[in-house]
Amino acid sequence: MTTPPVPRPGPRNALTDVDGLRVGHASLVGDGALTGVTVVLGPPGGFVAAVEVRGGGPGTRETDALDPGNLVPRVEAIALTGGSAYGLDAAAGVVAWLEDQGRGFPVGAAPHEVVPVVPAATIFDLGRGGDFRRRPDAALGRAATEAAAGSDARAQVATGGVGAGAGARVGGLKGGVGTASCLLDGGVTVAALAVVNAAGSAVDPIGGLPYAIRLGLPGEFPLSPPTHDEHAAALKRFAAGQEPPPLNTTLAVVATDAALTRAQARRTAAVAHDGFARALRPVHTLYDGDTVFAISTGAKPLPSVSPDTPYGVDAEAAALAAVHAAAADVVARAIVDAVLAADTVETDGATLPSYRSLYPVATSGWRPRG
């Protein structure tokens, strides 16, 4: 029996390790605002996309278009935004930018006769900067799209309290944006970007480490167990900040360059929710609108898997299972990355601490992305 290879991340350990994908953030911070928009932009011609919603309080736009039985086969971008239902206006700015580029579903003979379909999902962060009415709009959505379009291919992705994660919180800690990737046999990449804003916690109260820390690849999360005093002080801080469960939502985009059909992408989105369950507790609550988008650029065939599979399962099913397993893990790792990358902020007159501020000894070996 051969030992399976040790998983390894892509060059950036980020969503942009999937060739052709770009990520742009636009943040609205200060003067009562603490929110933003993050856009995942595909190459011209777009990508196959699907969605799975499991939270009880979702805020979404154009997700019905992703049903495999519906008309539009590919989309050009996905928008993640703060601002609850109000913030879905940000998608209009993404649509406008795509229209200017002539990118979208063709509905006429002329190059400009297109309708860009931009699926979007939102988190609840209203009033976290102090002003309930300061939230993302079309202009901010366009700014995030322009930031994505202007970035270099395979650029590093900014993480922490940026873009849609600017006002995010998770279990009494500052949340934010995180990302991770994994290379499979045959050169296929699976990657994720998460906006972590959960009613539940990402931190195990017994020991003080993130729940999904064990899923980190070698050297990815060089944390040490907190000291007794450090963990006791953090628990006291958590207890002092208890409040009724706020409205929240965690969002993720999981992507691969493996060629997937729309139905296969939808199954990938469903399995990727397991990453939420591994990294957050409780998860998929009525207070959360937890949503996962799965996208495929289709640049490569499915990873090669030995046809000698059990119970008569064919090689394609075994290859899809490998993609699914990686999808759940990269989502969980992206959530840990978001928690570690977040910085302490002032929210509506109160301090929202970061994980690193409460566990400085445990995180002393961790460094933010360059």
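Mentor: Two terms come up at once. Strands (E, at least two residues) and helices (H or I, at least four) are DSSP runs, numbered from the N terminus. Two strands pair if DSSP finds at least two bridges between them. This is a predicted model: local features need pLDDT of at least 70, side-chain atom pairs count only at pLDDT 80 or more, and totals for chains, interfaces and linings use all residues. Residues are numbered from 1 along each chain as its sequence is written, and side-chain values use heavy atoms, leaving out hydrogens and water.

Now the sheet. It is open and has 5 strands, in the order β3-β14-β13-β12-β11, with mixed pairing. β3 (48-53) and β11 (176-183) stand at the edges with a single partner strand each, so one side of each lacks a neighbour in the sheet.

Start at β3. 6 bridges join β3 to β14 (residues 291-300), and the two run antiparallel. E52 has V292 in β14 as its bridge partner. Helix α5 (residues 262-279) packs on the sheet and touches β3, β13 (251-258) and β14; contact means heavy atoms within 4.5 Å.

β11 and β12 pair antiparallel over 8 bridges. S181 has A191 in β12 as its bridge partner. Their hairpin has 5 residues between the strands, and there G186 takes a positive phi near 90°.

Finish with β12. 8 of its 8 residues are buried, that is, under 20% relative accessible area with a 1.4 Å probe, protein chains only. T189, A191, L193 and V195 point one way, and V190, A192, A194 and V196 the other. β12 also pairs antiparallel with β13 over 6 bridges. In that pairing, V195 stands opposite L251 of β13.

Methods
Axes fitted to C-alpha atoms, helices over the stretch in contact; angles between N-to-C directions. Buried < 20%, exposed > 50% of the residue type's maximum accessible area, 1.4 Å probe, protein only.
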